[in-house]
Amino acid sequence: PTALTTDGGYQWPVLEPDGGSVVALRGGEIVRVPLNGGPHRVLHPAGQVRELVGFDRKDGSKLMVLLAADGSRVVPGEFSFATGRSSAFRDGQQDLGLMAHLQSQQRVYGKATVFPKVMSDTSITGAQIEWMDVHYADGESDARNLSRCKPVNCDQPSLSADGRKVVFVKASR
């Protein structure tokens with residue numbers, strides 16, 4: 001793993017379709033972080049956007065997102081980079097199975113899946129410690145640990161369109 005940032009506060013990163021940068025939420029804004037190590041750039045205010053899920057496969061200028069609804073409830077929707085606006089999907093697209101999957105952090109891309117998994121170990125003092133690591137499974141072999149974040153947590157994974165890069169958040173407890 002290679003750190004893209006040092007300033008923290010990034011959430012729900014997704015790799016752009018061209019693979020050259022990451023789009024994420026940070027402090028109420030949607031930002032772009034280049035993979036070549038440059039500083040992040042603010043793209044739009046996040047508004048009601050609470051999670052970035054992934055880019056639309058047919059239109060790279062749109063993101064599938066989870067939007068704040070009544071109280072603490074979220075609903076699936078899309079965010080348009082062209083307009084800077086978000087909109088909820090029609091009611092027929094808001095089934096419980098879809099919502100459970102979107103909120104699980106498991107992301108499926110054809111045969112490939114990336115997901116956070118709780119890991120545990122015994123410390124030198126004998127205490128049980130737990131953390132989360134990001135894993136990758138391709139349906140053909142056992143899942144591989146990509147992050148090795150012990151003793152901090154890594155989660156919110158996303159896979160690139162070409163299946164060669166994974167981005168995730170590494171955060172202290």
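Which backbone oxygen does the side chain of H135 reach? In this predicted model the side chain of H135 reaches the backbone oxygen of D133, at 3.4 Å. Residues are numbered from 1 along each chain as its sequence is written, and side-chain values rest on heavy atoms, with hydrogens and water left out. Because the model is predicted, local features need pLDDT of at least 70 and side-chain atom pairs count only at pLDDT 80 or more, whereas totals for chains, interfaces and linings use all residues.

View 1. H135 lies in β11 (residues 128-137), strands being DSSP runs of E with at least two residues, numbered from the N terminus. At 5% relative accessibility H135 counts as buried, a term that means under 20% relative accessible area with a 1.4 Å probe and protein chains only. Leaving aside neighbours within four places in sequence, H135 is in contact (heavy atoms within 4.5 Å) with T113, V114, F115, K117, M119, A143, R144, N145 and L146.

**View 2. The open sheet β9-β10-β11-β12.** Four strands form this open sheet in the order given, with antiparallel pairing, where two strands pair if DSSP finds at least two bridges between them. The edge strands, each pairing on one side only, are β9 (107-109) and β12 (144-145). Three bridges join β9 to β10 (residues 112-122), and Y109 has A112 in β10 as its bridge partner.

**View 3. The two hairpins that involve β11.** Ten bridges connect β10 and β11 in the antiparallel sense, and T122 stands opposite Q128 in β11. Five residues separate β10 from β11 in their hairpin, where G126 in the turn has a positive phi of about 95°. β11 and β12 pair over two bridges, again in the antiparallel sense, with H135 opposite N145 in β12; their hairpin has six residues between the strands, and G139 in the turn has a positive phi of about 80°.

View 4. A cavity is a set of points, on a 1 Å grid over the protein atoms alone, where a 1.4 Å probe fits but cannot get out, and lining residues have an atom within 4 Å of a point. The largest cavity has a volume of about 40 Å³, the volume being the space filled by probe spheres set on the points, which are joined across faces, edges and corners. W12, P13, V14, L52, V53, Q105, R107, Q156, P157 and S158 line the largest cavity, and the elements that give two or more residues to this lining are β1 (10-15), β5 (49-55) and β13 (153-159).

Technical notes
1 Å grid on protein atoms, 1.4 Å probe; cavity = no way out; pocket = protein on both sides within 12 Å on 5 of 7 lines; lining within 4 Å. Buried < 20%, exposed > 50% of the residue type's maximum accessible area, 1.4 Å probe, protein only. Polar contact = N/O pair within 3.5 Å; in protein donor to acceptor, adjacent residues only side chain to side chain.
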